[in-house]
Amino acid sequence: MKVLVINAGSSSLKYQLIDMDSKNVMAKGLCERIGIDGRLTHEADGKEGKYKAEVPMKTHAEAIKAVLDILTNAEWGVIADMKEIDAVGHRVVHGGEYFADSVVITEKVLKAIEDCVPLAPLHNPPNLIGIHACQDVMGPNVPMVAVFDTAFHQTMPQSHYMYAIPYEYYEKYKIRRYGFHGTSHRYVSQQAAEMLGRPIEDLKIITCHLGNGSSITAIDRGKSIDTSMGFTPLDGLPMGTRSGNIDPAIIEFLCEHEHKNAAEVIEILNKKSGMQGISGVSSDFRDLDNAIDEGNKRAILAKDMFNISVKKIIGSYIAEMGGVDAIVFTAGVGENDRSVRWDICEHLEYLGVKIDPEKNKYRGRQMDISIDWARVRVLVIPTNEELVIAQDTERLVSEAQ
């Protein structure tokens, strides 16, 4: 089965075509500046370099058509005809309480995704646009599946996902902790169990998805029981441009003293805070490292704040689960920033956590970086959300046939 994976944003669209028999990524790429002028970047298995072109894309439907055109292109294509695509898997950010698993897309499913728009106004609308665009271009006979960022966290007990605000707001508006990056947390926890050679049902795992957006999840016997992101992805750790946890009263204080409304302050907390706001340098950890090498004190402060925040959450999850068998680092920062991994795990020896400094030198490789005697294994596992989306799509489409 060949599965096309689509991740649609407001003005962009990422894609991968995966051959599920071999798990080979046949092609991948990115459509950018949709609605402005349009830009396509494409990579094909077996071809050197990247294909880049300015392609008019006034709508997501035109972007989907551009993807299908390049996939069947005589020089850069990897299939002869669009009919070779057996199914499409769509990343959908928010499934609310409707979905605890991926689902084949129907009109009822589309209505539920639309009902979740107030919970994810920046993410669900473009996800819906991507689904409709694929349906318009590919027709009704190509099965499509929705894979939700929030679904994996639907196993959290109510005591873990509720906020201590009047209960009526949960009943009226479904204000609660949802969590995100669920596809990534699910994938790396399964890979961790394979690396350890033990059933995931016997393990307590803490997965750290650390990148421009970051979240940590406590996974007890294969199920998410707590996670750091909350009602929105703004909650939890300080991130590239997001503040993470703050005293809620700060919002009112800034409104009064900066003469801004709540939406403007939330915009600041989402896009001008975190590593960017503290360092004044960049939201990119690589830029922070360069600034740190030059002695920039605010860059040092930003990374220290990030690392201690991760350490605090790891500690709380160990207490919550009554122990831990493995701590997993994934995503751009988790996979590649050895200083982050070292600083987070430092002083955790009393819990059985100790990184081998030689093993920790490697970047972007799946490996156990623990010292030999460590009771708790520290693992680096590159995430592969697209493969999870493709696997769920293959499973559900096969079951429906």
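Contact, throughout this tour, means heavy atoms within 4.5 Å. The model is predicted: local features need pLDDT of at least 70, side-chain atom pairs count only at pLDDT 80 or more, and totals for chains, interfaces and linings use all residues. Residues are numbered from 1 along each chain as its sequence is written, and side-chain values use heavy atoms, with hydrogens and water left out.

**Stop 1: L210**

L210 sits in the loop between β9 (204–209) and β10 (215–220); helices (H or I, at least four residues) and strands (E, at least two) are DSSP runs, numbered from the N terminus. Is L210 buried or exposed? L210 counts as buried because its relative accessibility is 0%, where buried means under 20% relative accessible area, exposed over 50% and partly exposed in between (1.4 Å probe, protein chains only). Not counting residues up to four places away in sequence, L210 touches L237, F306, V310, F329, T330, A331, G332, V333, G334, V340 and I344. For a distance check, draw a line between the C-alpha atoms of L210 and M156: these residues are 54 apart along the chain and separated by 21 Å.

**Stop 2**

From L210, move to A331, one of the residues L210 touches. A331 belongs to helix α12 and has a positive phi of about 75 degrees although it is not a glycine. With a relative accessible area of 7%, A331 is buried.

Next, show the second largest pocket, which holds about 310 Å³ of space. A pocket is an open set of points on a 1 Å grid over the protein atoms alone, with protein on both sides within 12 Å along at least five of seven lines; a cavity is a set of points where a 1.4 Å probe fits but cannot get out, and lining residues have an atom within 4 Å of a point. Grid points are joined across faces, edges and corners, and a volume is the space filled by probe spheres set on the points. Of the 15 lining residues of this pocket, D284, F285, R286, G332 and V333 are the closest to its centre. Which helices each supply at least two residues of the lining? They are α10 (285–293) and α12 (331–336), and α12 gives the most, with 4 residues. By class, the lining has 3 nonpolar, 7 polar and 5 charged residues; Ala, Val, Leu, Ile, Met, Phe, Trp, Tyr, Cys and Pro count as nonpolar, Asp, Glu, Lys and Arg as charged, and the others, Gly among them, as polar.

**Stop 3: the cavity**

Select E335, R341, K359, Y362, R363, G364, R365, M367, I369 and V380, which line the largest cavity. The space in this cavity is about 30 Å³, and the count of cavities of 30 Å³ or more comes to 1. Its lining divides into 4 nonpolar, 1 polar and 5 charged residues.

**Stop 4: helices α7 and α8**

Select α7 (residues 249–258) and α8 (residues 262–271), whose axes come within 9 Å and cross at roughly 115 degrees. Axes are lines fitted to C-alpha atoms, for helices over the stretch in contact, and angles run from 0 to 180 degrees between N-to-C directions. On the α7 side, I251, L254 and C255 meet A262, V265, I266 and L269 of α8. The residues of this contact comprise 7 nonpolar, no polar and no charged.

In the loop between α7 and α8, select H259. H259 is exposed, with a relative accessible area of 72%. Leaving aside neighbours within four places in sequence, H259 is in contact with L254 and E264. The C-alpha atoms of H259 and D343 are 39 Å apart, and the two residues are 84 apart in sequence.

**Stop 5**

K23 lies in the loop between β2 (13–19) and β3. The phi of K23 is positive, about 60 degrees, although K23 is not a glycine, and K23 is partly exposed at 41% relative accessible area.

V25 is in strand β3 (residues 24–32) and counts as partly exposed at 31% relative accessibility. Beyond its neighbours within four places in sequence, V25 is in contact with Q16, L17, I18 and D45. V25 and K2 are 23 residues apart in sequence and 9.8 Å apart in space, C-alpha to C-alpha.

**Stop 6: Y167**

Finish at Y167 in helix α5 (residues 167–173). Y167 is partly exposed, with a relative accessible area of 43%. Apart from residues up to four places away in sequence, Y167 touches Q158 and M162.
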